[in-house]
Amino acid sequence: MIQQQTKCGVVAVIGAPNAGKSTLVNQLVGQKVAITSAKAQTTRARMLGIALYANVQMILVDTPGIFAPKRRLDRAMVSAAWEGADSADALLLIVDPIKQRRHELEPLLETLEKRPERKILILNKVDKAKKEPLLALAQELGERVAFEEIFFVSALTGDGVEDMKEALARMMPDGPWMYPEDQVSDAPERLLAAEITREQLYAQLHEELPYDSAVRPELFKHRPDGSLEIHQQILVARDNQRAIVLGKGGSKIKSIGEAARKELTEVLGVKVHLFLHVKVLENWSEDKEVFEEMGLDWVR
């Protein structure tokens, strides 16, 4: 029996904030490896998902949404996004055709015009977008940048994702796989656990809590019975934000902890004991140590 030649390549997923990048990466991998939120700019570090298609392994770099950076945290995220795109075998530009976010999409298109990588345009949310404006947008963007292919998908429902995955697999170069067959991400479990708690923080507090919050991993240890003990610190910038996260009589942090623990148990496949506490650290977004714990580079 002749063994089939394996292929392996790197795919950078870029786009304006909240275009659906993390949801698409999760669909391609077949399980959750990146957090999703209705709040823009939730992806902070380059989280890798590893997708398989027949004999092909695709290393998916889920880059933070690229936007005009103002603070140090913003600059670090944008830097991480373009680093994630460097040396990729293909670039996926994912666009939300409904919101579009033109002011953030334009700089991306200008940069993509000059980049040498093979490029694919993904128009997301086809389950909600109207057909005529969608086709007009595809034509307009296709005239701006030399995309090899254009796909219409719904990252949420998975509609159109399999055809796109097949096309992406064809673009990957011959080579040995970089990761074992059963590995779905290179993110350390402690970082993924912190991201899952942060997702719950956003999901349950909606607009009450500003973007200036972080979840800091403190302890991640296996107990003798095989379960996991996880301690995390929720960082906020002000006392009133601490009160919001705690809720009346600690009800909100309890609810966040229960939801995060349930999902962590599912994702990690073991019983999880999760302990959360809230700390006010006024300038946490200027703290080098916090950045490194979040998987971001310190950008001056």
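How many helices and strands does the protein chain have? In this predicted model, the protein chain has 9 helices and 9 strands. Of its 300 residues, 52% count as buried. Contacts were also sorted by distance along the sequence. Among contacts in the protein chain with a separation of 6 or more, 72% join residues 24 or more positions apart.

Two helix pairs were examined. Helix α1 spans residues 21–29 and helix α5 spans residues 161–171. Their axes lie 10 Å apart and pack at an angle of about 75 degrees. An angle of 65 to 115 degrees counts as roughly perpendicular, and α1 and α5 are therefore roughly perpendicular to each other. On the α1 side, the contact uses Leu24, Gln27 and Leu28. These residues meet Val161, Met164 and Lys165 of α5. By class, this contact of α1 with α5 holds 4 nonpolar residues, 1 polar residue and 1 charged residue.

The second pair is formed by α3 (residues 102–114) and α4. Helix α4 covers residues 131–144. The axes of α3 and α4 come within 10 Å and cross at roughly 40 degrees. That angle makes α3 oblique to α4. Helix α3 contributes Arg102, Glu106, Leu109, Glu110 and Glu113 to the contact. Helix α4 supplies Leu137, Glu140, Leu141 and Arg144. The residues of this contact of α3 with α4 divide into 3 nonpolar and 6 charged, with no polar residue.

Loop residues were considered next. Glutamine 31 sits in the loop between α1 and β2. Its relative accessibility is 37%, so glutamine 31 counts as partly exposed. Leaving aside residues up to four places away in sequence, glutamine 31 touches Asn26 and Val184. Glutamine 31 and valine 184 are 153 residues apart in sequence, but their C-alpha atoms are 8.1 Å apart in space.

Glutamine 183 lies in the loop between α5 and α6, the latter being residues 189–205. Glutamine 183 counts as partly exposed because its relative accessibility is 26%. Along the chain, 132 residues separate glutamine 183 from alanine 51.

Backbone geometry was then inspected. Most residues other than glycine have a negative phi. Alanine 54 has a phi near 55 degrees, a positive value in a residue other than glycine. With a relative accessible area of 65%, alanine 54 is exposed. Lysine 125 also has a positive phi, about 60 degrees, although it is not a glycine. Lysine 125 occurs in the loop between β5 (118–123) and α4.

Rolling a probe the size of a water molecule over the atoms shows where empty space is left. The count comes to 2 cavities of 30 Å³ or more. The second largest cavity has a volume of about 60 Å³. Its lining includes Ala16, Pro17, Asn18 and Ala19. Ile94, Val95 and Asp96 also line the second largest cavity, as do Gln100, Arg101 and Leu105. By class, the lining of this second largest cavity has 6 nonpolar, 2 polar and 2 charged residues.

Notes
Residues numbered from 1 in each chain as written. Predicted model: local features only at pLDDT ≥ 70, side-chain atom pairs only at ≥ 80, totals over all residues. Heavy atoms only, no water. Axes fitted to C-alpha atoms, helices over the stretch in contact; angles between N-to-C directions. Helix = DSSP H or I, 4+ residues; strand = E, 2+ residues; numbered from the N terminus. Parallel < 35°, antiparallel > 145°, perpendicular 65-115°, else oblique. Contact = heavy atoms within 4.5 Å. Nonpolar A, V, L, I, M, F, W, Y, C, P; charged D, E, K, R; others polar. 1 Å grid on protein atoms, 1.4 Å probe; cavity = no way out; pocket = protein on both sides within 12 Å on 5 of 7 lines; lining within 4 Å. Points joined across faces, edges and corners; volume = space filled by probe spheres on them. Buried < 20%, exposed > 50% of the residue type's maximum accessible area, 1.4 Å probe, protein only.
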